[in-house]
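Welcome! Take a moment to look over the structure shown here, and then we will walk through it together, one topic at a time.

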Amino acid sequence: MSLKSELLSTKEAAPYLGCAVNSLKLSRSTGLLFSVKAPAYLKMGHAVRYKLSTLDAWLSQFNERQNTA
């Protein structure tokens, strides 16, 4: 997999994380997404990109649950 395919735009990263594009944009200012530290991003000129590996690591902090018990 090439580096380019491992970089996601905000519009691609938001559904991958399960959030709205505007929520992800806002998280870059507030530092929070889903009440936890927002994932890191790359600023390349005017473009913002998220590494797929960074998003996977960020998602891994949440516990999977079978039920609410």
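Predicted model: local features only at pLDDT ≥ 70, side-chain atom pairs only at ≥ 80, totals over all residues.

**How the two helices pack**

- Helix 1 covers residues 10-17, and helix 3 covers residues 52-59.
- Their axes lie 11 Å apart and form an angle of about 25°.
- Angles under 35 degrees count as roughly parallel, so helix 1 and helix 3 are roughly parallel to each other.
- Where helix 1 passes helix 3, the crossing is right-handed.

**The chain as a whole**

- You can find three helices and five strands in the chain.
- Reading from the N terminus, the order of elements is β-α-α-β-β-β-β-α.
- Along the principal axes, the C-alpha atoms fill a box of roughly 45 × 30 × 15 Å.

- Of the 69 residues in the chain, 26% are buried.
- The chain has an accessible surface of about 5,200 Å², and carbon and sulfur atoms account for 53% of that surface.

**Links along the sequence**

- Consider the contacts between residues at least 6 apart in sequence: 44% of them join residues at least 24 apart.

Key:
Residues numbered from 1 in each chain as written. Heavy atoms only, no water. Axes fitted to C-alpha atoms, helices over the stretch in contact; angles between N-to-C directions. Helix = DSSP H or I, 4+ residues; strand = E, 2+ residues; numbered from the N terminus. Parallel < 35°, antiparallel > 145°, perpendicular 65-115°, else oblique. Left-handed = near helix turned anticlockwise from the far one by under 90°. Buried < 20%, exposed > 50% of the residue type's maximum accessible area, 1.4 Å probe, protein only. Contact = heavy atoms within 4.5 Å. Areas by Shrake-Rupley, 256 points an atom, 1.4 Å probe, with all protein chains shown as cover.
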